[in-house]
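Reader: I am new to this structure and would like to learn how to read it. Could we take the features in turn?

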Amino acid sequence: MSVRVDLNISLDGFMTTTDQTPESPFGEDWPRLVGAYVATRTFRRRVLHDESGEGTTGVDDAYAQAYFAEVGAEIMGAGMFGLHDHPDDPDWRGWWGDEPPFRVPVFVLTHTPRPALEMAGGTTFHFLSAGPTEVLERALEAAGGKDVRIGGGAAVVHDFLRAGLVDHLHVAIAPILLGRGARLWDGLRGLESGYAVTAETAPSGTIHLTFQR
Ligand SMILES: NC(=O)c1ccc[n+]([C@@H]2O[C@H](COP(=O)([O-])OP(=O)(O)OC[C@H]3O[C@@H](n4cnc5c(N)ncnc54)[C@H](OP(=O)(O)O)[C@@H]3O)[C@@H](O)[C@H]2O)c1
């Protein structure tokens, strides 16, 4: 049972994009940041419900498969779930449609909790206000012996990394320069100590960096 983080970051270390507009809620930088992951066969099947078998295979797809394997519960922040973009919508159900790809209990950290949302396919979103240790206890219990993933976003991942609660950190570094946004590595000087660090490069130009406790 381990606590995992999987992230896409830019070459200059940014994990958020900043060019969203009301007309383009994800902006143009987001597809550039996550392009190699979104192109994989696994992402297409699991997230886009595309059963055609299309999509890339190989290194990027192997990491996409690992992203979903053996995860028994997920923790994310209000920002990642979309509560900050839809503050006045009590019926907001997340970005992922009626059948989200998680298929496990998802604990959404928020200071304005709301009733749990049971979605198709096994995902239930639970909304709670709790510190990292407390929410992790609940998620580990719900995970039934499998891993817990800290899905994002920037603030929540930082909180867990700073608290030393992450056993496995995988960052897919896209070969793009964003120049602005929330930086993954800030405030984490010396993070590498205590981890075995490995790297693998995919033909897409993505560098997969893994920190394993
Ligand atoms: N690069 C990647 O792979 C990746 C992956 C996921 C997300 N992201 C990006 O991350 C960004 C979102 O990150 P973010 O930093 O804005 O938000 P976030 O980390 O998703 O959520 C932070 C918010 O969660 C709530 N929260 C956090 N800790 C809490 C606690 N202990 N108790 C109660 N509530 C708590 C607070 O919201 P309230 O006070 O409003 O309740 C806080 O403002 C997006 O831009 C997204 O695209 C990137």
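Reader: Which polar backbone atom is 2.6 Å from a nitrogen atom of the ligand?

Author: This is a predicted model. A polar contact is a pair of N or O atoms within 3.5 Å. Here, the backbone atom belongs to asparagine 8. Methionine 80 also has a polar backbone atom 2.7 Å from an oxygen atom of the ligand, and a backbone N or O atom of alanine 154 lies 3.1 Å from a ligand oxygen. The protein buries 76% of the 940 Å² that the ligand exposes when taken alone.

Reader: Which residues come nearest to the ligand, and which elements supply at least two residues of the shell?

Author: The ligand has 21 residues around it, and Asn8, Met80, His84, His111 and Ala130 come nearest. At least two shell residues come from each of β1 (3-10), α4 (78-81), β6 (147-152) and α6 (154-162). By type, the shell has ten nonpolar residues, eleven polar ones and no charged ones.

Reader: Why is strand β5 largely enclosed by the rest of the structure?

Author: Buried means under 20% relative accessible area. Strand β5 (residues 124-128) is largely enclosed because four of its five residues are buried.

Reader: Which strands pair with β5, and in which sense, parallel or antiparallel?

Author: Strand β3 (residues 105-109) pairs with β5 in the parallel sense over five bridges, and phenylalanine 107 stands opposite histidine 126 in β5. Strand β4 (residues 117-118) runs antiparallel to β5, joined by two bridges; there leucine 117 stands opposite phenylalanine 125. The hairpin of β4 and β5 has five residues between the strands, and glycine 121 takes a positive phi near 85° in this hairpin.

Terms used
Residues numbered from 1 in each chain as written. Predicted model: local features only at pLDDT ≥ 70, side-chain atom pairs only at ≥ 80, totals over all residues. Heavy atoms only, no water. Near = heavy atom within 4 Å. Polar contact = N/O pair within 3.5 Å; in protein donor to acceptor, adjacent residues only side chain to side chain. Areas by Shrake-Rupley, 256 points an atom, 1.4 Å probe, with all protein chains shown as cover. Nonpolar A, V, L, I, M, F, W, Y, C, P; charged D, E, K, R; others polar. Buried < 20%, exposed > 50% of the residue type's maximum accessible area, 1.4 Å probe, protein only. Pairing = 2+ DSSP bridges.
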